[in-house]
Amino acid sequence: MINYFKEIFAGLWSLLVGMRLTLGYAFAPTVTAHYPYETLPISPNFRGHIDLVINPKTGKDACITCMMCARACPSGCIELEGEKPEGAKKKVLTEYRLDFTKCSLCANCVEACPTSALEFSQEYQLAGLSRHEFHLDLVQRFRDRCREMGVEPKIADLTPVPAKEPVAGDEGEAGAKKPAKKAPKEAPAKAEKAPEQPEEPTAGS
Ligand code: SF4
Ligand code: SF4
């Protein structure tokens, strides 16, 4: 009988000790982030999928459609296209598609880009119901990100470039810049031969 009450008492005591710890932590200040209402700053070295770099002043991208990134990618997950606006000398980027299902985040594309037009995003909240949701249109993302930053996006801008009108005086200047043609070298004047003097008659001849 005594053992029976001892066991009940031990059980209650154990419950109280457990509850003391639980209540202590319940009212202590929290040390974890209340995700998704609260997020922690991401390390600048974090690698999300690649993104096109935005010039925050102009809203332009830096891509010259050289295809180096697509060639450097070991997984073949980059496809891009460019087009020349009417009157322009260079192509502008019109399409940039990334198949993130195949990307290994190796950074070959970022390192190969000659104009530093690519960067790793800080995007880590990626979830989807189909793999097609990870086929990303980076040009559209560029536009959306620009608008979030309050900048007007100027990507894939195919506005015709007006031809430059010649400015008065340009010809003269251009003429002045041209190197003057060298005058043909004159042949060295041959030394004129002195007229032969008649020999003076010698004595006795
Ligand atoms: S990080 Fe690597 S795998 Fe991913 S797109 Fe760039 S080159 Fe391809
Ligand atoms: S390497 Fe850079 S500049 Fe060349 S196509 Fe890729 S993103 Fe554009």
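How many bridges join strand 3 to strand 5 (residues 135–137)? Three bridges join them, and the two strands run antiparallel.

## Basis of the model

This is a predicted model, in which local features need pLDDT of at least 70 and side-chain atom pairs count only at pLDDT 80 or more, while totals for chains, interfaces and linings use all residues. Residues are numbered from 1 along each chain as its sequence is written, and chains are lettered from A and ligands numbered from 1 in the order in which they are written.

## Overall architecture

The protein chain contains five helices and five strands; these are DSSP runs numbered from the N terminus, with helices (H or I) of at least four residues and strands (E) of at least two. From the N terminus on, their order is α-β-α-β-β-α-β-β-α-α.

Of the 205 residues in the protein chain, 12% are buried. A residue is buried if 20 or more other C-beta atoms, placed from the backbone, lie within 10 Å of its own.

Three strands form an open sheet in the order 2-3-5, with antiparallel pairing; strands pair if DSSP finds at least two bridges between them. Strand 2 and strand 5 are at the edges with a single partner strand each, so one side of each has no neighbour in the sheet. Neighbouring strands are turned by 15° against each other on average, direction ignored. Helix 4 packs on the sheet, where it touches strand 3 and strand 5, and its direction makes about 55° with that of strand 5. Axes are lines fitted to C-alpha atoms, for helices over the stretch in contact, and angles run from 0 to 180 degrees between N-to-C directions.

Strand 2 (residues 78–83) is joined to strand 3 by six bridges. Within strand 3, L93 stands opposite G82, and R97 stands opposite D137 in strand 5.

## The nonpolar core

The largest nonpolar core has 22 residues, and L93, C109 and V139 have the most contacts inside it. Such a core is a set of buried Ala, Val, Leu, Ile, Met, Phe, Trp, Tyr and Cys residues joined through C-beta atoms within 7 Å. Strand 3 (92–99) and helix 4 (138–149) are the elements that give two or more residues to this core.

Beyond its neighbours within four places in sequence, L93 has contacts that include C63, L80, V139 and I155; a contact requires C-beta atoms, placed from the backbone, within 7 Å.

## Ligand surroundings

Around ligand 1 there are 13 residues, of which C73, C103, C106, N108 and C109 come nearest. Ligand 2 is also surrounded by 13 residues, the closest being C63, C66, M68, C69 and C113. A residue is near a ligand if its C-beta atom, placed from the backbone, lies within 6 Å of it.

Terms used: Contact = placed C-beta atoms within 7 Å.
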